[in-house]
Amino acid sequence: MAIPVALPSKIASAVDDLWPQLIKAHEWLKGRTEDEEAARLCVRLSLGHEALESRTRNSPETHLQWLRSGYAAALRLGLQVDAAAITGAIGEILNVRGDHTLAVEHFERALWHSHGDSHMCAQDFDGLAHALAQLGWVNEAQRLFTAALRLAREVSSSRSEAIILIHFAEAHVLMGDGQAALDCLRQLRESSMSDFANSTEATRVHLDALCLQGKVKQALDLAAALVARSEPHTPQIQAERLYLRARVRWERGDTEAAAQDLRRARPLAEHAGDPILLQDVLALLGRAESALGSHDKALRILRLRAQQAGELGTRRRWESLHDLGEAAAGAGDTRAAVEYHQQALDLVKTDVRLVTGFGPTRVAAQLQIQVPEGFAEDPEALAVLSYQISDRRSASQSLAALAVLATRAGQEDAWDTLEKAHRTAAEDAFQCERVLDRAGQAAFGLGDYERALSYQERRAASLRNRGLLHALAHAVGECADACMFLERTEQAMTLYEEVVRLDREIGDRFDEVHATNNIGLCLSRLGRMDQAAEHMRQAAGLAARCDYRKGRLTTLMGLGAVTAYPLEGISAHVRAEALALELGDRELAEQLRALRPQDLSEEDAALAVERGRQCNGEAVAMANDGQTESALHLLGEAVHWTALCPTAHHQLCSILMNSGRVAYQIDDTTAAASFMDAEAQATLLGDPSVLDAAQYQLAVTLGERIGDPLAAVDVLHRLYDRYAFGEPPPFEALDALVEFEMRVPGRVDEDTVMEHLYEALDICRSQGNHAIEIDLLRQWSVLLERHGRHAEAVDAHDRALFLAECHKPESADTIRENLAQIRARWAQHGQREGDDVLSEEDNRSGRWPLNSSALRPGEMEPS
């Protein structure tokens with residue numbers, strides 16, 4: 001789909017005034033195409049519809065009527081180039097509506113009319129590839145996308161290249177290859193049309209690709225930043241951004257938050273009048289309500305969506321029936337589920353077309369041609385090429401859904417139907433893998449672990465061949481889980497070890513935590529308890545190193561169950577209980593509380609607290625005397641003793657903080673673990689100052705000692721969010737937040753970074769801390785320059801230089817050199833009129849709060 005470019009406001013206003021006359025003109029012309037002059041005017045009106053934003057002014061059906069009447073007139077006059085342009089535009093509309101097989105027919109027709117024009121072929125190859133990718137014809141789609149990119153670059157059509165890259169990235173997402181999608185988007189950002197990377201379509205693909213790579217937290221950060229910036233915009237933009245965030249939250253498993261976003265997006269989408277956006281919102285809202293157990297509400301929403309989808313294309317109607325089938329199955333209405341899925345299958349079975357392609361165009365673009373069986377001629381001699389097109393992907397999904405329902409009913413041929421679904425997917429490897437995964441999950445749910453293992457092994461083999469390591473780690477993990485239930489513990493442990501290797505290669509530390517913990521479970525089954533406990537200690541430490549609180553909770557529970565040291569087990573359960581409460585899982589916290597020793601008297605508990613206090617005091621003295629390792633060991637004992645008392649939260653938190661501070665210099669894992677557990681204890685205490693200290697120290701440990709600024713940013717955001725509507729956060733925490741956000745550009749929206757930076761500057765000035773202000777001003781200058789605000793960047797550095805000469809002369813020479821470099825880059829860029837003036841929109845929204853007058857060199861600080 002082409003990405004529309006908005007009309008300038010004056011032209012748009014003029015078109016608004018003329019629109020009624022244009023409609024009357026079209027109605028008059030389309031009935032008189034036998035007259036040559038009227039036919040020419042009809043063609044011109046159809047060709048101009050895109051520039052006049054016909055899509056937003058007309059209903060989709062009226063829009064198609066304009067194009068079809070123009071196409072008929074172009075054929076009547078023999079205007080082949082115009083006919084190609086108009087039928088290609090029809091194909092784009094059909095793709096959006098979900099009529100992908102019909103879109104294929106129109107793009108092939110456009111290629112016929114274009115007669116090898118490179119610019120038009122690039123556009124038509126792109127549209128054709130986009131449709132084929134949706135239908136599951138992935139090999140042909142990849143060849144067409146590659147040819148389209150080559151042609152667009154040959155004719156130097158930057159806009160076409162940008163659109164093709166977005167569609168190619170979307171196709172890679174459909175194929176399950178998130179990294180290839182991100183590579184396409186990287187090429188887009190590096191091109192001359194980098195603004196296209198900010199379009200809704202590109203953003204959606206970017207978020208989907210991140211989720212495929214397992215980078216759901218990063219995707220959520222980006223989506224949240226989009227929503228935060230959507231308030232001044234139209235209902236359409238607000239609904240789109242809420243929908244995008246809901247998609248990410250859904251992928252993350254945060255169903256309630258996704259549903260809240262979608263409930264907000266629904267009235268906005270209805271107000272915007274965009275039927276496609278409303279369809280998307282209703283579809284995901286229905287799934288979310290079903291997952292939350294609100295089955296009646298989900299079915300009502302999905303029936304409404306199905307009713308509205310009746311005016312759209314086959315794929316949209318199939319999706320509405322498929323989702324109704326899934327919702328009915330979730331509600332326990334198997335009969336209705338089967339009916340919906342059967343209707344969906346029947347729908348795509350009838351959507352089969354015999355399409356005629358233009359052979360010479362394929363040859364000229366160096367595309368492989370599938371010569372029909374029995375056709376002996378050389379492909380280069382082919383004038384036409386006919387082939388049958390159908391929606392393989394949808395048919396495969398419907399068959400798989402029906403087969404899963406049949407397995408639950410105990411039907412013997414259910415597994416044969418799953419194999420048929422796998423064959424139907426044909427070359428669509430991603431859909432084949434989804435069928436195998438669904439089959440494996442169905443078998444696992446029925447307790448048929450041998451069959452589940454077989455399906456997941458086939459899936460893993462396919463993913464291994466395609467090099468998709470993130471999905472492969474999941475498939476191998478599923479195989480290991482099946483082996484555990486089959487009591488093949490040695491085989492399961494080997495598979496979990498492979499998952500750990502894969503997780504380390506792709507950097508998925510969260511999954512590595514679970515895989516390492518599962519290795520510990522295998523070792524405990526084999527009676528190797530010391531090794532099991534060691535693996536669970538490693539998993540708990542790894543969870544702390546990446547700020548994975550839920551993973552640390554799980555691993556501490558496991559450690560408490562397998563360790564041979566009773567005090568360590570009690571301590572692990574006590575710390576896990578605090579984490580469970582911090583994460584809001586009160587039921588689990590109660591279960592952990594029940595594991596505490598029940599025969600411990602109050603006198604014994606008091607003695608344990610006193611023993612912990614003594615160990616803590618001795619450890620502090622040893623640490624001050626330079627005996628760091630011994631002090632750290634003694635602090636571990638202090639934690640174990642204090643944990644015996646169920647009410648000694650203050651002392652336990654204090655000891656954990658001491659343990660973190662001592663470990664900071666020699667053992668970053670213990671430091672991170674201590675500060676994370678201290679954060680949980682401080683949350684129970686409800687003491688903001690203690691919680692601030694724990695979160696700040698944890699963030700510094702993660703960012704500086706462990707070298708993970710991403711995790712540090714996550715911790716500091718927790719701290720910052722507690723101050724969102726009250727007092728400003730502690731300055732050192734805000735300063736650290738800005739520092740770590742600057743180290744990971746792109747992870748956090750730069751508008752948010754600038755707001756944090758300005759807030760830090762404000763606090764810094766109120767405290768008269770000129771040394772820190774110098775560093776903040778230099779960071780501010782970097783952000784300003786990134787946004788092309790060169791005059792303000794120079795102004796900020798000028799101010800930093802002035803302060804350095806007054807208060808920090810040892811840094812003045814470096815700042816002076818940096819200032820000269822900024823001035824040189826500004827000179828190369830060319831000083832533009834108004835470069836140092838805020839745009840009207842930015843000024844209105846308050847998004848760039850620091851104006852140039854606040855940075856004027858020589859200005860004295862307020863006393």
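Close-up 1. A residue counts as buried when its relative accessible area is under 20%. By that cut-off Cys615 is buried, since its relative accessible area is 5%. Cys546 is buried too, with a value of 4%. Keep in mind that what you're looking at is a predicted model. As for disulfides, the count comes to zero.

**Close-up 2. Helices H29 and H32 packing against each other.** Here we look at H29, which covers residues 566–582, and H32, which covers residues 628–642. Their axes sit 8 Å apart and meet at an angle of about 75°, so the two helices are roughly perpendicular to each other. On the H29 side, the contact is made by Leu567, Glu568, Ser571 and Arg575. H32 brings Val639, His640 and Trp641. Sort the residues of this contact by type and you get three nonpolar, two polar and two charged.

**Close-up 3. Inside the largest nonpolar core.** This core has 94 residues, and the ones touching the most other members are Leu553, Leu698, Leu702, Leu716 and Leu776. Let's zoom in on Leu702. Leaving aside residues up to four places away in sequence, Leu702 touches Ala544, Arg545, Cys546 and Asp547, along with Ala672. Leu702 also touches Gly707, Asp708, Ala711, Ala712 and Val715. Cys546, then, turns up again here as one of the residues that Leu702 touches.

Note on methods:
Residues are numbered from 1 along each chain as its sequence is written. This is a predicted model: local features need pLDDT of at least 70, side-chain atom pairs count only at pLDDT 80 or more; totals for chains, interfaces and linings use all residues. Side-chain values use heavy atoms; hydrogens and water are left out. Axes are lines fitted to C-alpha atoms, for helices over the stretch in contact, and angles run from 0 to 180 degrees between N-to-C directions. Helices (H or I, at least four residues) and strands (E, at least two) are DSSP runs, numbered from the N terminus. Angles under 35 degrees count as roughly parallel, over 145 as roughly antiparallel, 65 to 115 as roughly perpendicular and the rest as oblique. Contact means heavy atoms within 4.5 Å. Ala, Val, Leu, Ile, Met, Phe, Trp, Tyr, Cys and Pro count as nonpolar, Asp, Glu, Lys and Arg as charged, and the others, Gly among them, as polar. A disulfide is a pair of cysteine sulfur atoms within 2.5 Å. Buried means under 20% relative accessible area, exposed over 50%, partly exposed in between (1.4 Å probe, protein chains only). A nonpolar core is a set of buried Ala, Val, Leu, Ile, Met, Phe, Trp, Tyr and Cys residues joined through side-chain atoms within 4.5 Å.
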